[in-house]
Number of protein chains: 2
Amino acid sequence: MQEKNISIAGAGLVGSLLSLYLAKRGHKVEIFERRPDARKNLLDGGRSINLALSDRGLQALAKVGLEEKVLKEMAIPMYGRVMHSREGKLTYQPYGKEGQAINSVSRAGLNMLMMDEAEKRGVKIHFSQACADVDLENASAVYRNREGEERKVESDLLFGADGAFSAVRSIMQKTDRFSYSQEYIEHGYKELEIPAGPNGEFLLEKNALHIWPRGSYMLIALPNPDASFTCTLFFPMDGEVSFASLDTVDKARSFFEKEFADALDMMPNFDRDWQENPDSSLVIIRCFPWTRNAKVALIGDASHAIVPFYGQGMNAGFEDCFVLDRLMDEYGDDWEGLLKAYEVERKPDADAIADLAMRNFVEMRDLTGDPEFLLRKKIEVRFSEKYPEKWSPLYSLVTFSPEVRYSDAIALGKRQDELMAEIMSMPNIHENWDSPEVEERMLALAEKL
Amino acid sequence: MQEKNISIAGAGLVGSLLSLYLAKRGHKVEIFERRPDARKNLLDGGRSINLALSDRGLQALAKVGLEEKVLKEMAIPMYGRVMHSREGKLTYQPYGKEGQAINSVSRAGLNMLMMDEAEKRGVKIHFSQACADVDLENASAVYRNREGEERKVESDLLFGADGAFSAVRSIMQKTDRFSYSQEYIEHGYKELEIPAGPNGEFLLEKNALHIWPRGSYMLIALPNPDASFTCTLFFPMDGEVSFASLDTVDKARSFFEKEFADALDMMPNFDRDWQENPDSSLVIIRCFPWTRNAKVALIGDASHAIVPFYGQGMNAGFEDCFVLDRLMDEYGDDWEGLLKAYEVERKPDADAIADLAMRNFVEMRDLTGDPEFLLRKKIEVRFSEKYPEKWSPLYSLVTFSPEVRYSDAIALGKRQDELMAEIMSMPNIHENWDSPEVEERMLALAEKL
């Protein structure tokens, strides 16, 4: 294999992981990161939605030897969802089979761990280096530091791992036949906190993701190792019930008293959080092609930023690295063939998870409060546990089955929806859901999948 | 009314027309145009697809007193389409009722006429002034000349009429919650020429738009006042049959011999045109919002660039000006209300014509060669001529009925499609298309519209 000088713009989660994959193959890797080193200067105010690390992400971490370390040092497994009704009634729904979990991790913590590892393995990370220009023909780039000083960096190959607002992509956007979209959804989010209890205990079930589904909006909470929960309110930005309409902390508080009373009781810092934490927007980024001239390639959020409702944004970006690694085996030094294959293979999967994530928002905020929906899930889980080779629920395909492509999962999910509609229309399904008749019917229908 | 200092970025078709509307109301208007003055330096190489000026555009020109002048000085009416089969057989299809036509005009000629008029009416046009930056809060902008010298221009209001690759929009794109997409379609285009005949005569029917429909691609020709025709090949950029595959002029020539023999016979400069004229791409631009802070607004292609297949790109941009003018009557000095109403009203119409234009590509390149489709059109035209108050074909709604919004036209067209499917499934429709039974059925169905 021919050793290359490879630059990566962005030392975020995907840029750091990519550097580990490339360094492992003997390439000389340098990362240029816009922000200062978070390990020296603890930053806040940045995006900090907790992340749900699941099997696709874990598989990608395993390949560079980091799966166990991450699971052991920073992950809290969440085996299911706990739904909170307006009256404070709790309903539990497991995510998968016995023992299957998604993992709550801190974005910042995971990022720092991976930067440490990258540096240990010979990757050089330059901080406070904003990408100011890219030469797409030559994989060279200009980086500007905080003092406004610019330096030009030449390399054989440049990866843009610089996130949803990628500077590398903004250069590509101006080239002919580069299709691109940025779509802001109606909802934004605000973070709030449920701190640990008086004795350092978790005030809610620790090993679960908590949801307060309220139809057109929702609150969620993920556990942190310090026994606090990071809560996120996903809420319309404008309109009758929106961040714009809750324009004083008093209005917000009385809204929470009505809608999220049990959560509010555990939020001593509600007033401060509401006022100080921003109303942040949510954007979906799609583009194609992802590569130019076999010299420059986009990866992670830079090529496909999605909404956070399937917990797959980071996992999809990590999977990009995993796929790229497989293609490096296949293509060897043929980077032109490799990068072409990479974008052609990954694009449909990126589109699929973007759509799935938007759909899951409806599921989380609305359907998880719907008994019909919960029953359907129960029937599917029961059947798939008994006949795992015949049926795997869509959520499991996406979350626990990295061997199934996102694009195949979405297609299979569509067929499952049709079949489950038949099951749910069986007479007295609410009483007979676990009867032999339903099981037989499921068996017959599953043949059609 | 309060007189304002208004800047317009872009002296193209829409920028020039907008300046006329604003000057008429007593505002002080200055235009900053990236290119040099085309009237001094005849340019070529730019985009020059002939334009089809139709009723929406004419209505907007009429309001500033330019309709007659344009029709008289530069327009060639086209009353219908002439389809050319591979064997050279011609089929004629009128666009509307007796006397209704779309008008072939030269983009450059029309633009120069409108710049002349704008200057006559007190608008100052500055050339070779590329928009380098915009302050969206203050409607000020920085323009850079060919020597790289920059100047800052303050104004009360700034319109970005700077086209599909708008610099003003690119600044707005970086602001929060600005949704945006640029979508390159699979097809591009190349221009070719059919010159006038030996005695200065038109070699094809003058008062028609010519189409060589070939399924997945097509050639079209529009008449020019000098008796030449500008031909445009709309063709896939990549793939088996594409610009990429016709990579020598010999390959292109033998392809034309097979597919467009009658046209090729009239193209003495085919080899030169094929080699010298670029393969240009086609892009669809969508975005929202179109205005910021009641200070900056996008108009024309800057806010909604579409593909050229409905002949509505310029007409839609002119209609933007016409609508804005009506809103100026309604809102007076309330520019905040006015600009909000403008973007909310125009966005669905811009989306509708974008979709219609894409669909019309399929109609032009494929369906105009389909006897079933031609029969359907014939039935519709016959019926609408007899019962004009009961039925107006979609093409007529879009092209000849400026009182109907694009968004209403697309909705009505959808319902018409369903009804015409019923008509076309009547037994022996090919023989009985003009029978009383079909007419009665149409009358009954039309009640449902």
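Modeller: Let's begin with a term: a residue is called buried under 20% relative accessible area, exposed over 50% and partly exposed in between, using a 1.4 Å probe and protein chains only. This is a predicted model, where local features need pLDDT of at least 70, side-chain atom pairs count only at pLDDT 80 or more, and totals for chains, interfaces and linings use all residues. Residues are numbered from 1 along each chain as its sequence is written, chains are lettered from A and ligands numbered from 1 in the order in which they are written, and side-chain values use heavy atoms, leaving out hydrogens and water.

A salt bridge here puts a side-chain nitrogen of Lys or Arg within 4 Å of a carboxyl oxygen of Asp or Glu. Over all chains, the whole structure has 76 of them. Take E33(A) and R35(A), whose side chains meet at 2.9 Å, N to O. E33(A) is buried at 6% relative accessible area, whereas R35(A), at 39%, is partly exposed.

Now find K69(A) and E73(A), joined by a salt bridge of 3.1 Å, N to O. They sit four residues apart in helix α3 (residues 67-74) of chain A, which means about one helical turn separates them. Helices are DSSP runs of H or I with at least four residues, strands are E runs of at least two, and both are numbered from the N terminus.

In chain B, D271(B) and R253(B) form another bridge, with their closest N and O atoms 2.9 Å apart. D271(B) belongs to helix α8 (residues 270-276) and R253(B) to helix α6 (residues 249-259), so this pair ties together parts 18 residues apart in sequence.

Bridges can also link up: R56(A), E319(A), D320(A), R346(A), D349(A) and R405(A) are connected in a network.

How many salt bridges lie between chain A and chain B? The count is zero. Contact, meaning heavy atoms within 4.5 Å, still brings together 17 residues of chain A and 17 of chain B. About 1400 Å² is buried between the two chains, 33% of it from carbon and sulfur atoms; buried area is the accessible area (1.4 Å probe) that two parts lose on being put together, summed over both. On the chain A side, R177(A), Q182(A) and Y184(A) lose the most area, together 46% of what that side buries.

Finally, look at strand β13 (residues 179-194) in each chain: the two pair in the antiparallel sense over three bridges, where pairing takes at least two DSSP bridges. Y180(A), for instance, has Q182(B) as its bridge partner.
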